[in-house]
Amino acid sequence: MLSVNIPVYNIEVVNLVDDLHQQATKLNIDFEIRVYDDGSDEIFKSLNRILKNKPNVVYSEMEKNLGRAGVRNKMGSDSEFDWLLFIDADSKIISPNYLKYYLGNRNENRVLCGGTAYAKQKPADAEKLFRWTYGTKREAVTAAVRNRSKGFIITSNNFFIAKELFNRVHFREELREYGHEDTLLGYDLFCAGVEILHIDNALEHTGLESAQAFLKKSCMALENLKKIGEELLDGDRIFYGQVNFLRKYKRVTFIIPSRTIGRLFRKYREKMEANLKGPRPSLLIFDLYKLGYFAGIKNR
C-alpha cells in the first residue's frame with residue numbers, strides 16, 4: 001500500500017516517525033516508513049538509531065552521501081509498496097488525517113503536492129525571522145493559489161506519487177548541490193504528460209535557518225537553476241516560460257541590461273543583506289537580491 005520516505009541529514013526524526021506510524025496504524029493498511037540517513041554527524045545517527053527497533057520502520061545509514069536527488073531515488077527504488085510519500089525530515093504533522101487524505105486522492109498518473117505551513121508565531125530567534133517571513137508569505141499558500149501559479153513546479157518536501165510512475169520519472173542526479181532538483185522533476189513529469197495537483201494537506205516546516213544560511217542556500221539554488229536551464233535543458237522554452245523567477249528575470253533584463261543589474265547588485269549587496277538579516281526583512285529586497293545574483297552568475 002504505502003511507503004513513506006524520509007531522507008535525513010543532521011536532524012532527529014523520532015517524533016515525526018511516531019506521528020506517521022500512529023496514523024498509518026489507525027488506517028489498518030500495509031505500510032513502511034523508510035528513514036535513510038545521508039551522512040549525518042554521529043550525534044544525530046545515535047538519536048535516530050532507536051527507529052531500527054520500531055515495527056514497519058526501515059532505518060538505514062548510507063555508506064556515502066548520495067545527495068538530495070540520489071537518496072530520494074534510492075528510497076523510491078527500495079520501497080516495497082505501490083504508493084510513495086516523500087517527506088522532508090524537518091517537518092511536523094499538523095493534520096490527524098494527513099495520510100488518509102493522500103490515499104483518498106491517489107491516482108496512478110497524478111502527483112499530489114500537499115504544501116507547506118509555518119507556525120503562526122514569529123520565531124524567538126531573531127536570526128530566523130527572515131526565513132519565517134519568506135515561508136509565511138511565499139510558501140504557505142492555499143492549493144487553489146498554487147494550482148494557478150505553480151505550473152509544473154512541485155515541492156519535494158511533501159509529495160505523493162505512484163511507485164511505478166516514480167520508477168519512470170525520478171530525480172536527475174546531475175544536481176548534487178541544494179536547489180531546484182524538484183523543479184526539474186516537475187518539468188520531467190510535465191513532459192511525460194503527468195498531472196501535478198496541489199492539495200491542502202500541508203506539513204509544518206520546522207527547520208528554520210538563519211538569514212545567512214538561507215541566503216547561501218538561495219544562491220546555491222540559483223546556481224542550480226542556471227545549470228538546469230543552460231546545460232541540462234539547453235534553453236528549453238517550456239522550462240523558461242513556466243518558472244516564475246525566470247519569467248521575471250527575462251522581463252527585467254529586457255528593460256535593464258543584465259550587466260547593469262549585476263553591477264548594481266555588487267554595489268548594494270551588503271546593504272540588502274543587512275536588511276534581510278535585520279528586524280524588518282523586505283521580500284521585495286530579496287527579490288531584487290536574487291535577480292542581481294542571477295545576473296552576476298549569468299555574466300561570469
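## Burial and the model

Buried means under 20% relative accessible area, exposed means over 50%, and partly exposed lies in between, with a 1.4 Å probe and protein chains only. By that rule Asn56 is partly exposed, because its relative accessible area is 38%.

A word on the source: this is a predicted model, in which local features need pLDDT of at least 70, side-chain atom pairs count only at pLDDT 80 or more, and totals for chains, interfaces and linings use all residues. Residues are numbered from 1 along each chain as its sequence is written, and side-chain values use heavy atoms, with hydrogens and water left out.

## The chain as a whole

Let's start with the overall picture. The chain has 13 helices and 10 strands; these are DSSP runs numbered from the N terminus, with helices being H or I of at least four residues and strands E of at least two. Its C-alpha atoms fill a box of roughly 60 × 45 × 40 Å along the principal axes.

Of the 300 residues, 50% are buried. The accessible surface comes to about 14,900 Å², and carbon and sulfur atoms hold 49% of it; such areas come from the Shrake-Rupley method with a 1.4 Å probe, and for residues only the protein chains shown count as cover. Contact means heavy atoms within 4.5 Å. Among contacts in the chain with a separation of 6 or more, 79% join residues 24 or more positions apart.

## The nonpolar core

A nonpolar core is a set of buried Ala, Val, Leu, Ile, Met, Phe, Trp, Tyr and Cys residues joined through side-chain atoms within 4.5 Å. The largest one here has 83 residues, and Ile6, Leu20 and Leu189 have the most contacts inside it. Helix α13 (residues 283–298) gives the most to this core, with 8 residues.

Beyond its neighbours within four places in sequence, Leu20 is in contact with Val4, Ile6, Ile33, Ile87, Ile93, Tyr98 and Leu99.

Leu20 is one of the buried residues of α1, along with Val14, Leu16, Val17, His21, Gln23 and Ala24. The end C-alpha atoms of α1 (residues 14–27) are 20 Å apart, in agreement with the 20 Å that its 14 residues should span at 1.5 Å a residue. The expected span is 1.5 Å times one less than the number of residues.

Helix α3 (residues 67–78) has 12 residues and reaches 16 Å from its first C-alpha to its last, close to the 16 Å expected. Its buried residues are Gly67, Ala69, Gly70, Val71, Arg72, Asn73, Met75 and Gly76. They pack against β1 (2–8), β2 (31–37), β4 (83–87) and α7 (163–168).

Asn28 follows α1 and sits in the loop between α1 and β2. Although Asn28 is not a glycine, its phi is positive, about 55 degrees. Asn28 counts as exposed because its relative accessible area is 72%.

His180, in the loop between α7 and α8 (181–191), is not a glycine either, yet has a positive phi of about 70 degrees. At 21% relative accessibility, His180 counts as partly exposed.

## Side chains that reach the backbone

Polar contacts are pairs of N or O atoms within 3.5 Å; within protein, one must be able to donate a hydrogen and the other to accept it, and residues adjacent in sequence count only if both atoms are side-chain atoms. Asn56, in the loop between α2 (42–48) and β3 (57–61), has a side chain that reaches the backbone oxygen of Phe31 at 3.0 Å. Leaving out residues up to four places away in sequence, Asn56 touches His21, Phe31, Glu32 and Ile33.

Thr133 belongs to helix α5 (residues 129–139) and is buried, at 12% relative accessibility. The Thr133 side chain reaches the backbone oxygen of Leu129 at 2.8 Å. Not counting residues up to four places away in sequence, Thr133 touches Pro281 and Leu283. Asp125 lies in the loop between β7 (116–117) and α5, where its side chain reaches the backbone nitrogen of Glu127 at 3.0 Å. Asp125 is partly exposed, at 36% relative accessibility.
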